[in-house]
Amino acid sequence: MTSEPVTTTVELAGKAYTLRAAPARRLSEVLREELGLKSVKVGCDAGDCGACTVLIDGAQHCACLTPLAQADGRRIETLETVEPELSARLQQAFLQHGAAQCGICTPGFMMAAIELLRADPTPDRPTVEAALGGVLCRCTGYRKIVSAVMAVGGEGADPVVPSPGQAVGRSIPRVDG
Amino acid sequence: MPDVTGAYLRPETLDAALDVLASGDVTVAAGCTDLFPATERRELPGRVLDITGIQELSGISVEEGGLRLGAATSWTAILRADLPPALRALQLAAREVGAMQIQNRGTLAGNLCNASPAADGVPPLLVVDAEVELRSISGTRRLPLADFLTGPRRTARRSDELLTAIFIPQTALAGNSYFLKLGARSYLVISIAMTAARMVIEDGIVTDAALAVGACGPVATRLPEVERALVGHPLRADAITDAAVARTLSPIDDVRADAGYRSRSAAELLRRTVKALVTPSERAA
């Protein structure tokens, strides 16, 4: 049985968006296909990878595990809609710490980090690890990501990656191992 | 009679939900952390009864004779609640269910009704003698959790019943508790074994002991033989022997661990669990 489309209203970036879609549909699908929010990555559709992490009323959720009906009337945040100043600082920290490689996990990590940093601008390492624990990365080995998030709050290791344009011909310090 | 037709129903009252359940085949949905992984489709299949719109199913309240935990209470809500030390094990388990994304969605009753042998919520609820409340249009009944869970993915819930609450009797809210989970990593992992313990210690003597192990048999289980060995003595973790623990468990070999490893791990986890729940002055060894 397929659920019939119903009218659903979600709040995105301070505006109410009304759409018609099946209430049993995964929120990740609706955000990507109906609303064009392609920062929401779909890795596993099973809550195992966290790539689709979005904030619902400020708390991190796997969008792939959320039926659209449960988003009705709620405030949904993706990397496209969060405060630009904080996401820019996070992007800069990820860049400087080499925290993004293939990139599919990056929006999920950033959304998990944004929930944390709003509540605790200078988190310690165990707090960061717990907040990011629901997102998998198969490239970086996590240390760089945790360091990047801590750096946003002014803590953690110094940046290890040279600024763009300065890397050619120089040896770059190895971060892991 | 409310409308019970339609493929996706999200009533706001319990009575309406019970009418839907009485009307025939329907899947009960809350956090969907087990339902969505069971399908590769873009939407939940079949007829769905979404109970997350029913306010009275969420939250924790004191009632006569004990504590009532609403069925749709999330793990995050459990983690943040002010609960007695006897439920510390449940709060420690809440922190280890999946990760924050899962804890914000997953519910207590979902964990029980999904009836995975590795459900993290079960051992902490077994050590507080939890009962489940099942309601249908024909009435309400209460079952001990140990009787509700009948096998892997099997429960005593009839198809017209809704698990509406978990009840903890006051007598089982005495003492302190602790929980440990063994997995391959800290988050997003299915348990190899997990243990919960609740102890009442008076004047240095264990007067009540409740131990439970999960993921080491078709359903999580209490360990009455080991519990009896602890009561009446100063707490000694080494009274929890590998042999006595192994006699109670029936673990399987699977992709996460073999049976022998599970059994030995469960015994060691139990020893660490009871050591962790007492203060140094209460500890004999």
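Trainee: Which residues touch the most other members of the largest nonpolar core?

Mentor: L125(B), L145(B) and I166(B), out of 100 residues in that core. Bear in mind that this is a predicted model, where local features need pLDDT of at least 70 and side-chain atom pairs count only at pLDDT 80 or more, while totals for chains, interfaces and linings use all residues. Residues are numbered from 1 along each chain as its sequence is written, chains are lettered from A and ligands numbered from 1 in the order in which they are written, and side-chain values use heavy atoms, with hydrogens and water left out.

Trainee: What makes a set of residues a nonpolar core?

Mentor: The members are buried Ala, Val, Leu, Ile, Met, Phe, Trp, Tyr and Cys residues, joined through side-chain atoms within 4.5 Å. For I166(B), the contacts (heavy atoms within 4.5 Å), leaving aside neighbours within four places in sequence, include L67(B), L108(B), L125(B) and V132(B). Another core lies apart from the largest one; its 28 residues include L55(A), V135(A), C137(A) and V152(A).

Trainee: Over to chain A, then. Why is R25(A) called buried?

Mentor: Buried means under 20% relative accessible area, with exposed over 50% and partly exposed in between (1.4 Å probe, protein chains only). R25(A) has 8%, so R25(A) counts as buried. R25(A) sits in the loop between β2 (15-21) and α1 (27-34) of chain A. Among the residues in contact with R25(A), beyond its neighbours within four places in sequence, are E33(A), E34(A) and T66(A), plus F36(B), R42(B) and E43(B) of the other chain. In chain A, 51% of the 177 residues count as buried.

Trainee: Why is α2(A) called oblique to α3(A)?

Mentor: Axes are lines fitted to C-alpha atoms, for helices over the stretch in contact, and angles run from 0 to 180 degrees between N-to-C directions. Under 35 degrees is roughly parallel, over 145 roughly antiparallel, 65 to 115 roughly perpendicular, and the rest oblique. Helices α2 (residues 84-96) and α3 (residues 106-119) of chain A pack at about 125°, axes 11 Å apart. That angle falls in the rest, so α2(A) is oblique to α3(A). On the α2(A) side, L86(A), L90(A), Q91(A) and F94(A) make the contact.

Trainee: And what makes α2(A) oblique to α5(A)?

Mentor: Same test: the axes of α2(A) and α5(A) come within 8 Å and cross at roughly 135°, so α2(A) is oblique to α5(A).

Trainee: How many residues of each class does the contact of α2(A) with α5(A) have?

Mentor: Eight nonpolar, no polar and one charged. Ala, Val, Leu, Ile, Met, Phe, Trp, Tyr, Cys and Pro count as nonpolar, Asp, Glu, Lys and Arg as charged, and the others, Gly among them, as polar.

Trainee: Which residues of helix α4 of chain A are buried?

Mentor: V128(A), A130(A), A131(A) and L132(A). Their cover includes α3 and α5 of chain A, and α4 (100-103) of chain B.

Notes. Helices (H or I, at least four residues) and strands (E, at least two) are DSSP runs, numbered from the N terminus.
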